[in-house]
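Hi,

Here is the structure I said I would pass on.

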Amino acid sequence: MPLVSTASIVDAARASGAGAPAFNVLHLETAEALVAASERAGVPLILQISENCVRYHGSLLPVLRATQALAEQSRTGISVHLDHVTDAALVREGVEAGVRSVMVDASALPYEENVAATAELTAWCHDRQVYVEAELGEVGGKDGVHAPGARTDPEEALAFVGATEVDALAVAVGSSHAMRERTAVLDKELIRALRGRLHVPLVLHGSSGVPDEELRAAVAAGMTKINISTHLVSVFTGEVRRVLGEQPELVDSRKYAAPAREAVAREAERLLGVLGAGAR
């Protein structure tokens, strides 16, 4: 079926009180695994391609075209989204290549510069009917706004959304990027406060470090789009290690990439259930 919009997936999840799953693509095997999970669960999924992923592949179009092709073959409805893009030229390249939703990431800039840069790109994207996610930020710290102690101020968030006219906002409520252990405890009271103040959907980054029960509680408190990458990457790598540990003589990468792909598909399908995606 044709690609669906990120907006439609997010809006449907928000209306039903479910989480909108947004899982990151690293390469063809992970894209295939995520599409398989979506089809097994029978629910839509947002496939995300980050700026780091583009750097790994050397350019946008090969990984984007492959991901779009897989999404178009799916029976469940999948969108393709550019994630954490700091380069305005990459945003424009993606939109010209058919991407209909992007995350504009100017969060490393001081507040006023973040607002200006985000507002400019958002206006450009909206002129082309492209959905825009963004985030507040703070200078300093490896994770910036997603350092464990960082918290988004509801009034500042409201001002930011008003000034930039973004369609969704990533907020800091206790998660952190690249966590390898699922131990984060989220600030559900703050999530409820943000949900009450903002008319746009809330996005949780760093969800890999959030255990199942906290993800459910975050969605119940008002979080909508749930981004997961590192956890699924760890599942893939762990399965590769297991297979090679048992069969160190293997040289054909397909022999260990295939079980790793299947492991990711199983875990991604499970996470769709955690997020309540089946309720849609």
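Cys-125 has 0% relative accessibility, so it counts as buried. Bear in mind that this is a predicted model, so everything below is computed from predicted coordinates. Cys-125 takes part in no disulfide, and the nearest cysteine sulfur, that of Cys-53, is 19 Å away. Cys-53 counts as buried too, because its relative accessibility is 6%. With a cut-off of 2.5 Å between cysteine sulfur atoms, the count of disulfides comes to zero.

Next, the strands. I'd begin with strand 2, residues 45-50. Six of its six residues are buried, so the rest of the structure largely encloses this strand. That holds for both faces: Leu-45, Leu-47 and Ile-49 are buried on one side, and Ile-46, Gln-48 and Ser-50 are buried on the other.

What does strand 2 pair with? One partner is strand 1 (residues 20-24), in the parallel sense and over three bridges. Asn-24 stands opposite Gln-48 of strand 2 there. To get from strand 1 to strand 2, the chain passes through helix 2 (residues 28-41), in a β-α-β crossover that is right-handed. Strand 2 also pairs with strand 3 (residues 78-85), again in the parallel sense, with six bridges. In that pairing, Ser-50 sits opposite Asp-83 of strand 3.

Moving along, strand 3 and strand 4 (residues 101-104) are a parallel pair with two bridges, and Leu-82 faces Val-102 of strand 4 across it. Strand 3, helix 5 (residues 88-96) and strand 4 form a right-handed β-α-β unit. As for the side chains of strand 4, Ser-101 and Met-103 point one way while Val-102 and Val-104 point the other, and all of them are buried.

Strand 4 runs parallel to strand 5 (residues 131-135), and three bridges join the two.

You'll find it in the loop between strand 7 (202-204) and helix 9 (212-221). Is His-205 buried or exposed? Its relative accessibility is 1%, so it counts as buried. Which side chains does it touch through polar contacts? One is that of Glu-133, at 2.7 Å. Another is the side chain of Asn-227, where the polar contact is 3.4 Å.

How many cavities of 30 Å³ or more does a search of the whole structure find? The search turns up one. The largest cavity holds about 40 Å³ of space. Its lining is made up of Asn-24, Leu-26, Thr-30, Leu-34, Ser-229, Leu-232, Val-233 and Val-264. Helix 2 and helix 10 (230-246) each contribute at least two residues to that lining.

Cheers

How values were computed
Residues numbered from 1 in each chain as written. Predicted model: local features only at pLDDT ≥ 70, side-chain atom pairs only at ≥ 80, totals over all residues. Heavy atoms only, no water. Buried < 20%, exposed > 50% of the residue type's maximum accessible area, 1.4 Å probe, protein only. Helix = DSSP H or I, 4+ residues; strand = E, 2+ residues; numbered from the N terminus. Pairing = 2+ DSSP bridges. Right-handed = clockwise from strand over helix to strand, strands pointing away. Polar contact = N/O pair within 3.5 Å; in protein donor to acceptor, adjacent residues only side chain to side chain. 1 Å grid on protein atoms, 1.4 Å probe; cavity = no way out; pocket = protein on both sides within 12 Å on 5 of 7 lines; lining within 4 Å. Points joined across faces, edges and corners; volume = space filled by probe spheres on them.
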